[in-house]
Amino acid sequence: MTVKNNAVPESSSDAERRRQYYYIDRCKGILAEKEKDAGRKLTCHVETFGCQMNARDSEKLRGILEEIGYENIESEEADLVLYNTCTVRENANVRVYGRLGRLNHYKKGNPEMIIGLCGCMMQEAHVVEKLTQSFRFVNLIFGTHNIYRLAELLYQVFTQKGMIVDIWQESDVTVEELPVDRMYAFKSGVNITYGCDNFCSYCIVPYVRGRERSRRPEEIICEIGHLAEDGVKEIMLLGQNVNSYGKGLDEPVTFAELLSKACRVPGIERVRFMTSHPKDLSDELIKVMASEPKVCPHLHLPLQSGSTRILEKMNRRYTKEDYLELVRKIREKCPDISLTTDIIVGFPGETEEDFAETLDVVERVGFDSAFTFLYSKRSGTPAAKMENQVDEKTAKERFDRLLALVQEKAKKSCARFEGQTLPVLVEMKNSQDESLVTGRLANNITVHFPGDESLIGQIVNVRLLKCHGFYYLGEPA
Ligand code: 5AD
Ligand code: SF4
């Protein structure tokens, strides 16, 4: 087994990029030989767990594997399978261990199969320990800071014996402009920051993704330009907390300024962003959202809890009143905006009164949708050591009440566009009805309407005939 615990790498992004292209070439040669021996094309599959950031990372991983020569397939019965993992809640980890059993079964039928694991879960020492001891059939383990090194690591798998493990604790180098295989031709995520400095007391992200780093604005705008030239109409600017973008750059830039610049890129029709932390959402940003037609009228604004007492324990640095005031200001300037949120139920010490405050905010704001989570204890975070952990039964019962209210409000809110004609970016053929296509309104609501494959990637005006809870049925206008 090769275990390395590298410190910050010294090489610059450019040198690093050249280095990775060198390894891509080396791997290409090796793979061609392997294909000759096997007498067939070798296949790969990258499975994503977790958030939009991971989904974007997976596009980069897939890009590198395809450049090396692998054919990407949907099935996990491939010659190389890579799990890009998440560890934000414990059940994400449990799922990965469960599915590894199935991969081992496939490997028994294909002993040359390469199994790799990367992403957030691998940044936890106890996970790597368990894998190296009890999952010996895994060939490659790496973390969040060195995903761009996939080709180099794969070269080691090809040329060395045993499991390759390479986890970095930190990195100040971000390497872009390596091959990317986008999931959609017409839309793409664009990373603007990496890592998080907020240390919400329940959250493991700052420990597994490291300190917040902003990419330079020129680099981001250049990437968006290339995407637009390649047919992308919609971009989503990605960061754990996009509102704090720009800190630490040689010439600090605000997120609002970056957003305006992104809208200026020719060919880009829609700009989204994710995620916003309420404590950093500026008036300047609200102004840009209100005045710039390309910014989608959708804001994902995690509440986490409606109780000021719990918010303080969560280290969120806003109160219930601050949150409600922020929503008021946003709605005043952007009346049609869709608001979505994340809420955690059962944080340590949450009483029935605290929970009632959360229900109160949901009632008052009327979110268009909300991701609701049962609090999950993450070892190493301050909340894991807090007293009065809420018992499972109480948390589950609150969760169900919250979900019922969220759904009732969301249904009402979603229906407010019935009868209107709005542009839909068509994403795919409908999975259930051949005669329909499926797309999204600028506010992110799903719409199904009659059409064929030729519409995919186009923005079509659609009359919204009927709201069915969380989606619309429509007809081309
Ligand atoms: N338990 C439950 N939910 C969590 N989240 C983050 N950490 C935890 C945890 N320990 C949720 C937050 C965050 C979303 C991405 O995941 O709501 O906004
Ligand atoms: Fe986690 Fe808070 Fe950072 Fe979001 S802002 S990633 S919840 S620490």
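What pLDDT does the protein average, and what share of the residues score at least 70?

1. Start with confidence, since this is a predicted model. The average pLDDT of the protein is 95, and 98% of the residues reach at least 70.

2. Now look at ligand 1.

3. Zoom in on the polar atoms here. Arginine 89 has a polar side-chain atom 2.9 Å from an oxygen atom of ligand 1. On aspartate 342, an N or O atom of the side chain is 2.7 Å from an oxygen atom of the ligand. Serine 376 uses its backbone instead: an N or O atom there lies 2.8 Å from a nitrogen atom of ligand 1. On its own, ligand 1 has 400 Å² of accessible area, and the protein covers 85% of that.

4. Ligand 2 has its own set of residues around it. Among them are Cys196, Cys200 and Cys203, along with Asn198, Phe199, Tyr202, His277 and Arg316. How many residues of each class are in this shell? There are seven nonpolar, three polar and one charged.

5. Tyrosine 202 sits in the loop between β9 (193-194) and α6 (205-209), while phenylalanine 347 is in the loop between β14 and α12 (352-365), so the pair ties together parts that are 145 residues apart in sequence. Across the whole structure, a search finds 13 aromatic pairs.

6. Finally, two backbone details. Most residues other than glycine have a negative phi, and most peptide bonds are trans. Methionine 274 and threonine 275, however, are joined by a cis peptide bond, with omega about 0°. Threonine 275 belongs to the loop between β12 (270-274) and α9 (283-291). Arginine 317 is not a glycine, yet it has a positive phi of about 65°. You'll find arginine 317 in the loop between α10 (308-313) and α11 (320-333).

Conventions:
Residues are numbered from 1 along each chain as its sequence is written. Chains are lettered from A and ligands numbered from 1 in the order in which they are written. This is a predicted model: local features need pLDDT of at least 70, side-chain atom pairs count only at pLDDT 80 or more; totals for chains, interfaces and linings use all residues. Side-chain values use heavy atoms; hydrogens and water are left out. A residue is near a molecule or strand if one of its heavy atoms lies within 4 Å of it. Ala, Val, Leu, Ile, Met, Phe, Trp, Tyr, Cys and Pro count as nonpolar, Asp, Glu, Lys and Arg as charged, and the others, Gly among them, as polar. pLDDT is the predictor's confidence in each residue, from 0 to 100. A polar contact is a pair of N or O atoms within 3.5 Å; within protein, one must be able to donate a hydrogen and the other to accept it, and residues adjacent in sequence count only if both atoms are side-chain atoms. Accessible areas come from the Shrake-Rupley method with a 1.4 Å probe; for residues, only the protein chains shown count as cover. Rings of Phe, Tyr and Trp (its six-membered ring) pair if their centres lie within 6.5 Å; planes under 30 degrees apart count as stacked, over 60 as edge-to-face and the rest as tilted. Helices (H or I, at least four residues) and strands (E, at least two) are DSSP runs, numbered from the N terminus.
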